[in-house]
Amino acid sequence: HLWRFPAILVPVWVFCTLWRVMIYQGRWTYPSALVKAVLVLFSFIAIGLVQRRWLMVETAILTLLIAFLLKLLEMRQKRDVLVSIYLAYFVIATELLLSQSVLAGLYLVAGLCFVTAALIALQSINNETAWSHPLLQSAKMLVLSVPLMLVAFLVFPRLEPLWKVPMPAGAGKTGISGSMTPGAIAELAQS
């Protein structure tokens, strides 16, 4: 999503990553409740400046992305890391709302592999294994899920999107139908 919302995501990403590195090195402390409240307030102001309309899919995605980035600042326990990993799955899914190309799909599968590897590493009992072990396990799980995905793709019917708003029966329609009747143009003008 960085290329879609660079004006707001890049500064927030750099800020949160820098603060997280400083926390890791012991130079800075975790932000207080007041600092977190100010960051959330400034985030909403920035979202309002970038996205003029609030009830749009892009605005909701941008809000989720900023919440995901701000979550980096308060990861203290294993539970917080788990919430961040779950948010990463949602971030991956939101890209599919905006782009469904093959290249984007391959990129998202790679991201899915890395996020699943992070989940496997977090839940691993033996923390002394090599970094490649969770990544290989994640790739193996994704390869094993391909037959199930293919069956689901071929068997389940194509449903309308859940966010599609149904039109009422008497709602206005544009265009002319394939067959014309006397007075059809007048009805179209009144619609």
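This is a predicted model: local features need pLDDT of at least 70, side-chain atom pairs count only at pLDDT 80 or more; totals for chains, interfaces and linings use all residues.
Reader: Is D80 buried or exposed?
Author: D80 is buried, at 6% relative accessible area. R79 is exposed, at 54%.

Reader: Which residues are in the salt-bridge network?
Author: K36, K71, E74, R79 and D80 are linked in it. K71 and E74 meet at 3.0 Å, N to O. K36 also bridges to E74, with the closest N and O atoms 3.2 Å apart. That pair links distant parts of the chain, 38 residues apart. K36 is in helix α2, and E74 is in the loop between α3 and α4.

Reader: How accessible are K36, E74 and K71?
Author: K36 is partly exposed at 32%. E74 is partly exposed at 28%. K71 counts as buried because its 12% falls under the 20% cut-off.

Reader: How many salt bridges in the whole structure?
Author: A search finds 5.

Reader: Back to D80. Which other residues of α4 are buried?
Author: Besides D80, they are S84, I85, L87, A88, V91, I92, T94 and E95.

Reader: What do they pack against?
Author: Helices α3 (57–71) and α5 (102–123).

Reader: New topic. Where is S138?
Author: In helix α6, residues 132–155. S138 is buried, with 0% relative accessible area.

Reader: What does S138 touch?
Author: L112, C113, T116, A117 and I120, leaving out residues up to four places away in sequence.

How values were computed: Residues are numbered from 1 along each chain as its sequence is written. Side-chain values use heavy atoms; hydrogens and water are left out. Buried means under 20% relative accessible area, exposed over 50%, partly exposed in between (1.4 Å probe, protein chains only). Helices (H or I, at least four residues) and strands (E, at least two) are DSSP runs, numbered from the N terminus. Contact means heavy atoms within 4.5 Å. A salt bridge is a side-chain nitrogen of Lys or Arg within 4 Å of a carboxyl oxygen of Asp or Glu.
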